[in-house]
Amino acid sequence: MSTLTEAPPPLAPAPEKKPARRRGRLTPYWLLLPGILWLLIFFALPMIYQASTSVQTGSLEEGYEVTWHFATYWNALSEYWPQFLRSVLYAGSATVLCLLLGYPLAYLIAFRAGRWRNLIMILVIAPFFTSFLIRTLAWKTILADGSPVVGALNTLHILDVTSWLGITAGDRVLATPLAVVCGLTYNFLPFMILPLYTSLERIDSRLHEAAGDLYAKPWTTFRKVTFPLSMPGVVSGTLLTFIPAAGDYVNADLLGSTDTRMIGNVIQSQFLRILDYPTAAALSFILMFAILIMVTLYIRKSGTEDLV
């Protein structure tokens with residue numbers, strides 16, 4: 001008598017293992033987590049707090065309360081628009097001067113410095129090893145009334161021209177718009193040179209050789225080849241110079257006068273002296289939005305895709 005053999009029971013399916021690829025995809029996000037937390041704690045939260053401060057009413061003694069008083073923005077802008085305009089004018093002038101001074105130096109470092117390249121780069125970066133405040137105070141000594149620089153400018157009658165333009169006062173340079181712009185230019189010049197050098201250093205030298213083989217003159221080569229290819233550095237340098245210069249208050253405070261106050265001086269005074277926190281916060285946001293709009297328009301106008 002034959003016996004029927006029972007079929008073996010089905011094997012239980014093995015548990016699925018998480019593919020290593022999925023875990024590998026999450027690694028970049030875990031690496032970004034510390035930076036995201038840093039930005040949230042020290043950037044996003046303070047911005048939210050300042051935004052709420054700008055729409056508060058009250059006083060320091062009685063306390064402030066959020067009342068959504070948006071009229072603070074209009075009142076601040078209508079009262080301090082000359083300082084806003086002055087900040088844009090001074091920062092724009094300093095940016096143009098930094099570009100005119102920094103581009104030839106960056107070009108020299110990138111294409112002509114040779115073995116002196118590292119030394120020149122160290123000299124460009126060296127001011128960063130000194131306090132911003134000390135560098136500005138040094139310019140106060142340089143531009144003093146009895147300094148050799150001012151004496152030379154008087155001898156060459158340059159101050160007569162600048163006085164006619166309204167950027168100096170008679171034989172004085174200190175406590176004038178020219179002194180503030182000079183301080184801004186000096187302090188932020190490295191921020192212009194370094195991006196320009198980085199952009200120029202990437203240009204293939206064979207492009208210059210090809211332009212020479214096509215009988216292009218040096219000026220034509222610069223206008224058609226070098227400058228267009230260095231536009232990312234120009235845009236980066238102008239942004240890195242203009243943005244901090246527009247909000248600066250140290251140069252206007254130490255090298256200028258009450259007639260050369262910038263919006264940064266007003267914000268500093270509102271926060272630390274007058275203690276009008278809503279107005280100070282509103283001025284800060286107006287400045288931030290104005291710079292953001294100008295920067296956006298500038299990048300689109302320049303057509304630099306590397307920064308968008």
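The questions below concern a predicted model, and they cover cysteines, a pair of helices and one tyrosine.

Q: How many disulfides does the count come to?
A: A disulfide requires two cysteine sulfur atoms within 2.5 Å. The cysteine sulfur closest to that of Cys98 belongs to Cys182 and lies 11 Å away, so the distance is too far for a bond. Cys182 is likewise in no disulfide, its nearest cysteine sulfur being that of Cys98. The count is therefore 0 disulfides.

Q: Is Cys98 buried or exposed?
A: Buried means under 20% relative accessible area. The relative accessible area of Cys98 is 0%, so Cys98 is buried.

Q: Which class of accessibility does Cys182 fall in?
A: The partly exposed class runs between the buried limit of 20% and the exposed limit of 50%. Cys182 has 23% relative accessibility, and therefore counts as partly exposed.

Q: What covers the buried residues of H12?
A: Helix H12 spans residues 263-274, and its buried residues are Ile263, Gly264, Asn265, Val266, Ile267, Ser269 and Gln270. Their cover includes helix H2 (71-112), helix H10 (231-246), helix H11 (250-255) and helix H13 (277-302).

Q: Are H12 and H13 roughly parallel or roughly antiparallel?
A: Two packed helices are described by the angle between their axes and the distance between the axes. For H12 and H13 the axes are 8 Å apart and the angle is about 155 degrees. Angles over 145 degrees count as roughly antiparallel. H12 is therefore, relative to H13, roughly antiparallel.

Q: How many nonpolar, polar and charged residues are in the contact of H12 with H13?
A: On the H12 side, the contact involves Ile263, Val266, Ile267, Gln270 and Phe271. These meet Tyr277, Thr279, Ala280, Ala281, Leu283, Ser284 and Leu287 in H13. By class, the contact has 9 nonpolar, 3 polar and no charged residues.

Q: Which residue with positive phi follows H12?
A: Helix H12 covers residues 263-274. The residue that follows H12 has a phi near 65 degrees, and it is Leu275.

Q: Is Tyr64 buried or partly exposed?
A: Tyr64 sits in strand E2, residues 63-66. The buried class requires under 20% relative accessible area. Tyr64 has 25%, and so is partly exposed.

Terms used. Residues numbered from 1 in each chain as written. Predicted model: local features only at pLDDT ≥ 70, side-chain atom pairs only at ≥ 80, totals over all residues. Heavy atoms only, no water. Buried < 20%, exposed > 50% of the residue type's maximum accessible area, 1.4 Å probe, protein only. Helix = DSSP H or I, 4+ residues; strand = E, 2+ residues; numbered from the N terminus. Contact = heavy atoms within 4.5 Å. Axes fitted to C-alpha atoms, helices over the stretch in contact; angles between N-to-C directions. Parallel < 35°, antiparallel > 145°, perpendicular 65-115°, else oblique. Nonpolar A, V, L, I, M, F, W, Y, C, P; charged D, E, K, R; others polar.
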